[in-house]
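Here's a quick briefing to read alongside the model. Have the sequence and the 3D view open as you go.

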Amino acid sequence: MKFDTLQQGISFYENYARVSGFGTRLYSTKKRKSDGKISLKYCICNKEGFRETPRLQSNCKKKRPITRMGCNARITLKLIND
């Protein structure tokens, strides 16, 4: 699909995720060195990846649930010069 702006692409994926039943987060951005414009933007599922170290400290009052489960849902938005 082609979008006129980056924000339109992000909005599309957020609406798609909401209808499909998952949340999103913005993951990474790459900029062009020549003019500093964003050339790539990754929008991923909020459950993508895994925690690096488990939080198993005995002095924690409230245990947090595991939220990262390795989901692979993502979209890559790329700037195309016409």
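Predicted model: local features only at pLDDT ≥ 70, side-chain atom pairs only at ≥ 80, totals over all residues.

Residues are numbered from 1 along each chain as its sequence is written, and side-chain values use heavy atoms, with hydrogens and water left out.

**Sheet**
- You'll find 3 strands in an open, antiparallel sheet, ordered β1-β2-β3; strands are DSSP runs (E, at least two residues) numbered from the N terminus, and two of them pair if DSSP finds at least two bridges between them.
- β1 (24-31) and β3 (74-78) sit at the edges, each pairing on one side only.
- From one strand to the next, the twist averages 15° (axes are lines fitted to C-alpha atoms, for helices over the stretch in contact, and angles run from 0 to 180 degrees between N-to-C directions).
- β1 pairs with β2 (residues 38-45) in the antiparallel sense over 7 bridges, and threonine 24 has cysteine 45 in β2 as its bridge partner.
- The β1-β2 hairpin has 6 residues between its strands, and glycine 36 in the turn shows a positive phi of about 80°.

**Helix**
- Helix α1 (residues 6-20) packs on the sheet and touches β1, β2 and β3, its direction making about 170° with that of β3; helices are DSSP runs of H or I, at least four residues, and contact means heavy atoms within 4.5 Å.
- Phenylalanine 12 is in α1 and is partly exposed, with a relative accessible area of 32% (buried is under 20%, exposed over 50%, partly exposed in between, with a 1.4 Å probe and protein chains only).
- Not counting residues up to four places away in sequence, phenylalanine 12 touches Met1 and Phe3.

**Largest pocket**
- 18 residues line the largest pocket, and Lys2, Phe3, Lys78, Leu79 and Ile80 are the closest to its centre.
- On a 1 Å grid over the protein atoms alone, a pocket is an open set of points where a 1.4 Å probe fits, with protein on both sides within 12 Å along at least five of seven lines; lining residues have an atom within 4 Å of a point.
- α1, β2 and β3 each supply at least two lining residues.
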